[in-house]
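Please read this briefing alongside the sequence and the 3D view.

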There are 2 protein chains.
Amino acid sequence: MSSPATSPPQQLESWVSFLRAHAAITRELSAQLQREHGLTLNDYEVLLHLSHAEGAMLRRVDLAERVLLTASGITRLLEGLERSGLVCKRTCESDARVSYAKLTDAGLAKLRAAAVTHLRGIDELFTGRYSGSELVTLAELLSRLPVTGSDCKGGSPSCS
Amino acid sequence: MSSPATSPPQQLESWVSFLRAHAAITRELSAQLQREHGLTLNDYEVLLHLSHAEGAMLRRVDLAERVLLTASGITRLLEGLERSGLVCKRTCESDARVSYAKLTDAGLAKLRAAAVTHLRGIDELFTGRYSGSELVTLAELLSRLPVTGSDCKGGSPSCS
DNA sequence: ACGACATAGTTGTGCCCTCAAGTGTAGCGC
DNA sequence: GCGCTACACTTGAGGGCACAACTATGTCGT
């Protein structure tokens with residue numbers, strides 16, 4: 001009863017690798033993005049999601065869900081992006097509560113520029129280390145993990 | 001030249017899953033640990049590494065490397081752990097520059113208690129979602145990713 | 001119409017972490 | 001012995017993020 005507490009079983013190795021790899025990769029990727037474009041990883045993801053959205057705009061709450069941030073996190077993040085002119089605010093005519101974040105032309109240009117750096121970085125640190133079929137396997141395995149905070153907090157039985 | 005910039009190719013899906021899974025899992029795990037034991041994920045890892053070390057103590061700089069934190073991060077983290085009495089400082093007789101962090105009895109007890117919660121959480125959110133052989137595959141794939149900041153910054157040729 | 005409840009977003013507070021700069025100690029060439 | 005560089009660690013400043021509390025708006029039952 002005491003040994004498993006301090007010496008983790010073999011299966012945990014994948015979890016440890018997962019943790020360490022994430023820390024190492026995101027640190028480097030984030031540094032690249034910041035150095036060369038002044039963006040955070042999350043900044044980038046927000047711009048990316050906006051660029052894919054209908055009309056290049058999204059409700060703040062939807063944005064939060066997609067990039068896995070809390071509402072307040074999104075408020076602060078967009079603050080910075082708005083100051084830089086990469087996104088702008090838009091109010092909703094039918095519901096005064098919601099405000100959209102809309103990608104500006106400058107924002108799209110920034111995203112295009114950053115994507116070059118970023119995709120190269122991802123390839124170096126992540127995708128480039130695998131063959132095509134391995135990537136498929138990996139994607140399948142990773143897709144089984146939780147994606148939203150809610151599916152692992154005992155709220156729904158769908159996680160079993 | 002313009003389309004790949006805003007619409008990521010298929011391979012990126014595994015990267016995206018990786019990012020999102022990490023965010024969701026660590027958030028939940030961290031919340032569990034904090035709620036039930038008042039520890040961070042990093043706190044836990046530090047205690048764990050110390051428990052495995054010779055004499056239950058480690059130089060701060062080595063600790064930093066293992067948990068992928070900067071030197072200053074370790075200083076701050078240990079500050080908290082020392083205040084809680086889970087680790088204590090020890091000076092080195094042969095080299096006055098180094099100071100060790102040593103796990104206390106209370107720290108070991110805390111680790112043991114937290115491990116129960118934590119291992120269950122990891123199983124729920126990560127390892128429990130795979131079969132034994134899948135876990136092996138996953139561990140192998142993940143082990144190819146960078147682990148230290150230095151192996152992807154051109155420092156050593158060992159990453160090629 | 002009115003109150004209860006849900007939803008969108010903002011703000012105060014605080015933690016964790018990083019980077020850059022600084023202190024104290026070791027080892028080395030001369 | 002004396003400076004030089006290397007190393008271990010600490011400190012100050014700042015950023016990113018979460019949680020909780022709050023405002024404002026919408027929706028529904030009665």
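## Contact of chains A and B

The contact takes in 47 residues of chain A and 46 residues of chain B, where two residues are in contact if their C-beta atoms, placed from the backbone, lie within 7 Å. This is a predicted model, in which local features need pLDDT of at least 70 and side-chain atom pairs count only at pLDDT 80 or more, while totals for chains, interfaces and linings use all residues. Residues are numbered from 1 along each chain as its sequence is written, and chains are lettered from A and ligands numbered from 1 in the order in which they are written.

- On the side of chain B that touches chain A, at least two residues each come from α1 (3–6), α2 (12–37), α6 (105–125) and α7 (132–143) of chain B. Helices (H or I, at least four residues) and strands (E, at least two) are DSSP runs, numbered from the N terminus.
- α2(B) supplies the largest share of that side, 14 residues.
- By class, the side of chain B that touches chain A has 25 nonpolar, 12 polar and 9 charged residues. Ala, Val, Leu, Ile, Met, Phe, Trp, Tyr, Cys and Pro count as nonpolar, Asp, Glu, Lys and Arg as charged, and the others, Gly among them, as polar.

- DNA strand D has 22 residues around it, of which S72(A), G73(A), A96(A), V61(B) and S72(B) come nearest. A residue is near a molecule or strand if its C-beta atom, placed from the backbone, lies within 6 Å of it.
- Two or more residues of the surface near DNA strand D come from each of α5 (71–83) of chain A and α4 (60–67) and α5 (71–83) of chain B.
- α5(A) gives the most to this surface, with 5 residues.
- The surface near DNA strand D divides into 7 nonpolar, 9 polar and 6 charged residues.
- Around DNA strand C there are also 22 residues, and V61(A), S72(A), S72(B), G73(B) and A96(B) come nearest.
- For DNA strand C, the elements giving two or more residues are α4 (60–67) and α5 of chain A, together with α5 of chain B.
- α5(B) holds the largest share of the surface near DNA strand C, 5 residues.
- The surface near DNA strand C counts 7 nonpolar, 9 polar and 6 charged residues.

## Sheet of chain A

- Chain A has an open sheet of 3 strands in the order β1-β3-β2, with antiparallel pairing. Two strands pair if DSSP finds at least two bridges between them.
- β1 and β2 of chain A are at the edges with a single partner strand each, so one side of each has no neighbour in the sheet.
- Strand β1 (residues 57–59) and strand β3 (residues 99–103) of chain A are joined by 3 bridges, and M57(A) stands opposite K102(A) in β3(A).
- Strand β2 (residues 87–91) of chain A pairs with β3(A) over 5 bridges, with K89(A) opposite A101(A).
- α4(A) lies across β1 and β3 of chain A, at about 90 degrees to β1(A). Axes are lines fitted to C-alpha atoms, for helices over the stretch in contact, and angles run from 0 to 180 degrees between N-to-C directions.

## Sheet and helices of chain B

- Chain B has an open sheet of 3 strands with antiparallel pairing, in the order β1-β3-β2.
- β1 (57–59) and β2 (87–91) of chain B stand at the edges, each with a single partner strand, so each has one side without a neighbour in the sheet.
- β1(B) is joined to strand β3 (residues 99–103) of chain B by 3 bridges, the two running antiparallel; the bridge partner of R59(B) is Y100(B) in β3(B).
- α5(B) lies across β2 and β3 of chain B and runs at about 115 degrees to β2(B).
- α4(B) packs against α5(B) at an angle of about 105 degrees, with the axes 9 Å apart.
- That angle makes α4(B) roughly perpendicular to α5(B), a term for angles of 65 to 115 degrees.
- The contact is made by R60(B), V61(B), L63(B) and A64(B) of α4(B) and by A71(B), G73(B), I74(B) and L78(B) of α5(B).
- The residues of this helix contact divide into 6 nonpolar, 1 polar and 1 charged.

## Confidence in chain A

- The mean pLDDT of chain A is 83, with 85% of its residues at 70 or more. pLDDT is the predictor's confidence in each residue, from 0 to 100.
- Over residues 1–7 of chain A pLDDT stays under 50, and the model has 9 contacts beyond four places in sequence for them.
- Over residues 149–160 of chain A pLDDT also stays under 50, with 16 contacts beyond four places in sequence.

Technical notes: Angles under 35 degrees count as roughly parallel, over 145 as roughly antiparallel, 65 to 115 as roughly perpendicular and the rest as oblique.
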